[in-house]
Amino acid sequence: MKGAHELDALARDLGKMPAEVARKVGPIARKTALEIKRGMQADLAKSRHFGQVARSVDYDVHESGAFGSQTVLVEVGPNADRHPAAALAGLAYFGGANGGGGTVRDPVYHLEEQAALMEKCIGDLTGEGL
């Protein structure tokens with residue numbers, strides 16, 4: 001599985017690709033964000049105590065810049081603006097200072113899982129493995 005530092009290296013490599021390939025990265029990023037969201041929601045929904053947090057998970061994709069210097073930023077996670085139960089997410093993932101919680105799988109798992117698939121999709125798109 002890929003870690004966050006490997007995603008940074010992938011982002012640097014993507015900055016060097018031709019414009020016609022760059023146009024297709026946004027949709028891949030959106031699909032990746034959707035799959036991470038679904039995974040996080042599924043994990044939270046299974047929780048007896050934190051199931052209500054699942055409804056708060058959403059994602060945003062922000063694209064900026066011109067091709068050649070385009071940036072795609074993806075944010076996935078519980079959104080307190082959308083649902084007040086998002087405030088319980090930290091407790092669900094990492095537990096409380098006095099015990100309890102920490103029963104839901106860390107969202108990094110989903111990031112790492114989807115990073116490998118995203119890398120494969122972009123490798124297929126460019127015609128070379130990354």
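Is Thr32 buried or exposed, and what is its relative accessible area? Thr32 is buried, with a relative accessible area of 12%, where buried means under 20%, exposed over 50% and partly exposed in between, for a 1.4 Å probe and protein chains only. These legends describe a predicted model, in which local features need pLDDT of at least 70, side-chain atom pairs count only at pLDDT 80 or more, and totals for chains, interfaces and linings use all residues. Residues are numbered from 1 along each chain as its sequence is written, and side-chain values use heavy atoms, with hydrogens and water left out.

**View 1. Thr32 in helix H3.** Thr32 belongs to helix H3, residues 25-46 (helices, H or I, of at least four residues, and strands, E, of at least two, are DSSP runs numbered from the N terminus). Its side chain reaches the backbone oxygen of Ile28 at 2.9 Å. Not counting residues up to four places away in sequence, Thr32 touches Gln114 and Met118, contact meaning heavy atoms within 4.5 Å.

**View 2. Tyr59 in strand S1.** Tyr59, in strand S1 (residues 57-64), is partly exposed, with a relative accessible area of 27%. The C-alpha atoms of Tyr59 and Ala33 are separated by 6.4 Å, although these residues are 26 residues apart along the chain. Leaving aside neighbours within four places in sequence, the contacts of Tyr59 include Arg30, Leu34 and Glu75.

**View 3. The largest nonpolar core.** This core has 12 residues, among them Ile36, Leu44, Phe50 and Val104; a nonpolar core is a set of buried Ala, Val, Leu, Ile, Met, Phe, Trp, Tyr and Cys residues joined through side-chain atoms within 4.5 Å. The elements giving two or more residues to this core are H3 and helix H4 (89-94).

Terms used
Polar contact = N/O pair within 3.5 Å; in protein donor to acceptor, adjacent residues only side chain to side chain.
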